[in-house]
Amino acid sequence: MYPQFTYLPSKRTLQTVTATALTAVMLVGCSGNPPKGSALSTASPQTTAQQNHTVAPAVTQQSTNKSVTAVDEQPSTVFYEIFVRSFFDSDGDGIGDLQGVTEKLDYLNDGDPATTDDLGIGGIWLMPINPSPSYHGYDVTDYRNINPDYGTLEDLQELIQAAHQRGIKVIMDLVVNHTSKEHPWFVDSAKNEEGKYRDWYIWAEDQNRPASGTSAAGSGNPWHSLLGSHYMGTFWEGMPDLNFDNPAVRSEMLDIGQFWLEKGVDGFRLDAAKHIYEDLLTDKSAATTAKNVTWWQEFRKAMNAVNPQAYIVGEVWENSAVSVGAYLNQAFDSGFNFGLAETLLHSVEAEKDSGAAYTLERTYKLYSQISKNAFTDAIFLTNHDQNRVMSQLQDNLDHAKMAAAMLLTLPGNPFIYYGEEIGMLGVKPDEGIREPMRWVPEEDGKGQTTWEDSNNNIFNAENNVKSQSKDDHSLLERYRELISLRNEVPALRDGGIRDYTSGNPGVMAYERVTAQEQVLVVHNLTGKEQQVSLHPNVNGDSYHKVLKYISDVAVLKGESLNLPPYSSAILN
């Protein structure tokens with residue numbers, strides 16, 4: 001599967017939204033609690049071969065003045081989050097590496113639109129690849145180099161080149177809020193009170209601040225004692241916070257971001273983005289958010305000088321759409337939607353519509369206003385800081401398939417955490433949710449990493465790529481089918497969203513809309529056949545044809561749609 005190697009086009013708003021209407025959508029999103037640890041290519045059409053029914057052209061959107069809601073397009077691609085240490089070992093040392101990622105690119109997207117045995121993703125997010133004393137890499141000791149466990153700068157550039165040949169963008173984790181305690185800057189800062197780097201970090205005594213308070217990241221008192229002074233470490237003592245009130249720190253971080261863009265990286269996932277100035281619980285305020293946004297706007301402007309199309313997605317672990325939306329004002333292209341992730345998993349567990357489409361439609365109006373129609377949501381189910389999807393769903397395959405179906409038919413850039421597509425299990429501590437990727441049933445198979453025991457997955461013989469590739473009903477095949485469908489139906493790939501009332505609590509429905517077409521997406525979240533009575537949408541348009549079904553045949557008779565258990569249908 002081969003997404004075209006093009007950048008995100010300008011968005012088209014289907015209808016102007018008045019300021020009065022937007023004021024009404026300042027909604028609070030679902031909650032998420034933060035633990036710690038583009039503008040990208042779109043896909044070319046691809047024929048789905050998993051089932052003997054083809055996709056017909058979607059209905060062209062008719063010109064009309066009857067629409068009462070605004071829908072912004074969100075041109076998108078599917079991303080795949082990779083923890084390099086766990087992904088694929090190319091040299092037999094038990095640790096995954098960059099050459100291993102390159103070797104497995106064909107699994108992610110082989111660049112051939114005629115094949116169906118790759119995932120068909122269009123972007124990769126590499127978790128931290130800089131040198132670090134920890135296994136996870138979120139405490140950096142050298143911002144302009146590669147962790148020697150993973151390879152070299154040349155290995156990264158070879159990976160980027162090979163990915164680009166397949167239509168895959170590569171973004172990397174950039175951790176600027178804090179460094180490692182072992183970073184030379186901090187070592188000098190701690191030892192030399194009159195030195196160049198003293199003010200690069202936050203020292204309580206130097207700023208006449210009390211060494212007390214509660215961390216905004218939930219880690220207790222963030223002040224840590226060293227050589228008679230106390231430094232700020234919002235997450236833990238091994239990650240001292242940088243002082244972004246110091247212009248030299250800001251300048252250095254801008255230069256580092258530009259360095260990686262010049263090396264060919266296509267953008268960044270920005271770790272702990274809201275904690276640049278939000279260190280203590282008492283720091284949390286609109287004024288602090290504004291100060292954070294001002295810094296990230298400065299960062300965005302500097303990155304634009306190298307690559308105006310660089311994709312920037314921020315980790316703003318918040319429960320407020322207003323708080324997340326603030327960062328979409330000329331700073332980030334996307335902010336991860338933690339509330340939606342929680343909502344989707346709750347929906348599949350309860351087998352009930354959660355009203356996610358209703359909330360998203362209104363949230364996106366707010367984001368559109370803030371970003372001047374330039375945002376793309378970043379949606380996901382779980383990531384490297386959360387218990388894995390299959391563990392949260394109690395190893396229920398039907399529920400996992402429905403979670404994937406919702407994720408991959410909603411607007412924005414969907415992010416898949418490595419191994420999610422094969423149902424890998426994983427619960428905290430963090431090492432347990434970052435276990436080796438399962439390629440084959442054997443523990444010692446080719447490329448299998450061994451740096452960490454697979455305690456959560458050792459007894460699941462079918463949760464591996466080799467086994468599931470042979471099973472048409474596997475979770476892996478469902479992910480491939482859904483991504484292929486998303487790539488070939490423009491409204492699914494690039495459209496905005498409109499809520500559509502199904503009248504059935506076990507069915508979630510919503511419209512995906514572009515300027516050219518609209519489709520209706522309907523999910524039966526339950527283990528029983530469900531019926532939905534279709535009705536005209538807000539434009540007065542009706543849906544008369546099943547464009548595609550997932551899992552089993554959906555039957556449309558007149559205005560009555562019958563959905564088999566745990567299935568989805570796309571209508572035009």
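Buried means under 20% relative accessible area. That cut-off is used at one stop of this tour of salt bridges in a predicted model, which has 24 of them in total.

Start by selecting Arg 144 and Asp 255. Their side chains form a salt bridge, with the closest N and O atoms 2.6 Å apart. Arg 144 sits in the loop between strand S2 (123-126) and helix H5 (153-165), while Asp 255 belongs to helix H7 (residues 247-262), so the contact ties together parts that are 111 residues apart in sequence. Colour by accessibility here: Arg 144 is partly exposed at 27%, and Asp 255 is partly exposed at 36%.

The relative accessibility of Glu 298 is 32%, which counts as partly exposed.

Next, select Glu 318 and Lys 284, whose side chains meet in a salt bridge at 2.4 Å, N to O. Glu 318 is in the loop between strand S7 (311-314) and helix H9 (321-325), and Lys 284 is in the loop between strand S6 (267-270) and H8; the two are 34 residues apart. Is Glu 318 buried or exposed? Its relative accessibility is 11%, so Glu 318 counts as buried. Lys 284, at 45%, is partly exposed.

Finally, select Asp 173, Arg 269, Asp 271 and Glu 315 together. Salt bridges with shared partners join these four residues into one network.

Methods:
Residues numbered from 1 in each chain as written. Predicted model: local features only at pLDDT ≥ 70, side-chain atom pairs only at ≥ 80, totals over all residues. Heavy atoms only, no water. Helix = DSSP H or I, 4+ residues; strand = E, 2+ residues; numbered from the N terminus. Buried < 20%, exposed > 50% of the residue type's maximum accessible area, 1.4 Å probe, protein only.
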